[in-house]
Amino acid sequence: DLPKIFLTRELPPSSMKQLRERSQLTMNHEDRALTKQELIAGLQGVDGLLCQLTDIIDDEVLGANPNLKVVSNFAVGFNNVDIASASKRNIAVTNTPGVLSDSTADMAWALMFAVARRVVEGDRFVRAGRWEGWAPLQYLGLDISGATLGLVGLGRIGRAMIPRAMGFNMKVLYWNRTRMDIAEEHELGVEYAELDELLAQSDFVSLHVALSEGTKHLINEQRLGQMKPTAYLINTARGPVVDEKALVQALQSNVIAGAGLDVFENEPKLEPALYDLENAVLAPHLGSATIATRSKMGELAIENCLAGCAGKRPPNLVNPDYDDA
Ligand code: GLV
Ligand code: GLV
C-alpha cells in the first residue's frame, strides 16, 4: 500500500505529480493556511505530514495522531515545529536544506540593491509622475561595490553570500557560533569578527542565523545602536531575530540608514509604522520563491516524507535523537 500523506497546501506541479503517484494523498485544496483544528483533522489516519513554515506544529498537533511517523517541513527553517515533542514521540522531522541557499542569497542581494540604491523609492517617484528629469542630487545611495558586508550566521545561506560579495569586491566579516579555522577563512577571503565589532564596521549587516531561543531579538535596540548611521540591515532569515519595534525606531530616528526585509516578527502583520517608512524595502517572505527552487524543495520534502513513512531515516532529519531502529 502507498503511504498516506497529508499536505497542508498545494506545491509546484512537479511535486504534486510525484505525490499523487507515490502516496495516498489528502490535502488542503484552498489557497490559505489551515487552522489548528483543520490541521488536526487532516492528520487523522495518515503516516506523514507535509507542511509549510506557516503551520504551527506544536505538541497538541503532534499528539493528535499517535501513528504519525514524519513531519516533512517544506522549508529550511523548522522553528514552526516543536522538535522536542516530536523527538519524545519518535516522529522524524525534516527540512529542505541546500537547494534554496542560492535563491535566498540572491534575495538578500536584491534587497541590498533595492534599499541602498533606492530602487523602490525611485519606482514610486516615477509612477507618481513626479520625475522632472535627471538631477545631480536625486536619490543618492550607497555603493555596494567595495563596501563591507557583515554576515551574521554562516550556515549554507550565509556562505552563499560570500562568492557574491567577492564579485562586488566587498570586504566580508562574519560572526558565527563556531569559528572556521584560519586556513578556511583565508581561502574564502573572509574575516571573523565578534558581533559588536561586525556591527560597528559593516556597511551592510545581513542576517543568516536560524531562529532559536538564542537568536530571538539578537538584533535589538542596543545592537542597532552599534551599527553605523550609514549602514543597512538585511533580513532574509526569520523575523523574530530582529526586535521589530526597535528597528522601526532606529529607522525613524536614522540610527541606521535603512533596512531590506523579507521576513517579519508576526507575519503577515508588520509593525504598523513600517508601512510608512521610505528607508525600508519590504518583501513578503520570498527568499526561496523561484520556480526551480520551490520544485527542488518539493522533491526533497517528498523524499523525506516517503522515507519517514517507510520507517527509514530520512535524508534531512533535524531531530538527531530520532530512532529509526
Ligand atoms: C524559508 O523561510 C525557509 O525556511 O525555507
Ligand atoms: C541553510 O541552508 C543554512 O543552513 O543556512
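This report walks through the domains, cores and ligand surroundings of one protein model.

## About the model

The structure is a predicted model, in which local features need pLDDT of at least 70, side-chain atom pairs count only at pLDDT 80 or more, and totals for chains, interfaces and linings use all residues. Residues are numbered from 1 along each chain as its sequence is written, while chains are lettered from A and ligands numbered from 1 in the order in which they are written.

## Two domains

The domain assignment gives domain 1 (4-99 + 291-309) and domain 2 (101-282); such bounds come from an automatic or database assignment. Their centres, taken over C-alpha atoms, are separated by 31 Å. Where they touch, five residues of domain 1 are in contact with six residues of domain 2, contact being C-beta atoms, placed from the backbone, within 7 Å.

## Inside the protein

Let's look at the cores. A nonpolar core is a set of buried Ala, Val, Leu, Ile, Met, Phe, Trp, Tyr and Cys residues joined through C-beta atoms within 7 Å. A residue is buried if 20 or more other C-beta atoms lie within 10 Å of its own, exposed if 12 or fewer, and partly exposed in between, with C-beta atoms placed from the backbone.

The largest core has 50 residues, and M112, Y232, I234 and I256 have the most contacts inside it. Helix α5 (residues 101-116) gives the most to this core, nine residues; helices are DSSP runs (H or I, at least four residues) and strands are too (E, at least two), numbered from the N terminus. Beyond its neighbours within four places in sequence, M112 is in contact with I144, F204, Y232, I234 and G260. Another core, of 40 residues, lies apart and includes L7, L34, C51 and I91.

## Around the ligands

Ligand 1 is surrounded by L53, A75, V76, G77, L100, G287 and S288, where a residue is near if its C-beta atom, placed from the backbone, lies within 6 Å. By class, this shell has four nonpolar, three polar and no charged residues.

The shell of ligand 2 has three nonpolar, five polar and one charged. Helix α7 (residues 156-167) supplies its largest share, three residues, and at least three residues come from each of domain 1 and domain 2.

## An exposed residue

E194 sits in the loop between β8 (190-192) and α9 (195-201). E194 counts as exposed because it has 10 C-beta neighbours inside 10 Å.

Key: Ala, Val, Leu, Ile, Met, Phe, Trp, Tyr, Cys and Pro count as nonpolar, Asp, Glu, Lys and Arg as charged, and the others, Gly among them, as polar. Two residues are in contact if their C-beta atoms, placed from the backbone, lie within 7 Å.
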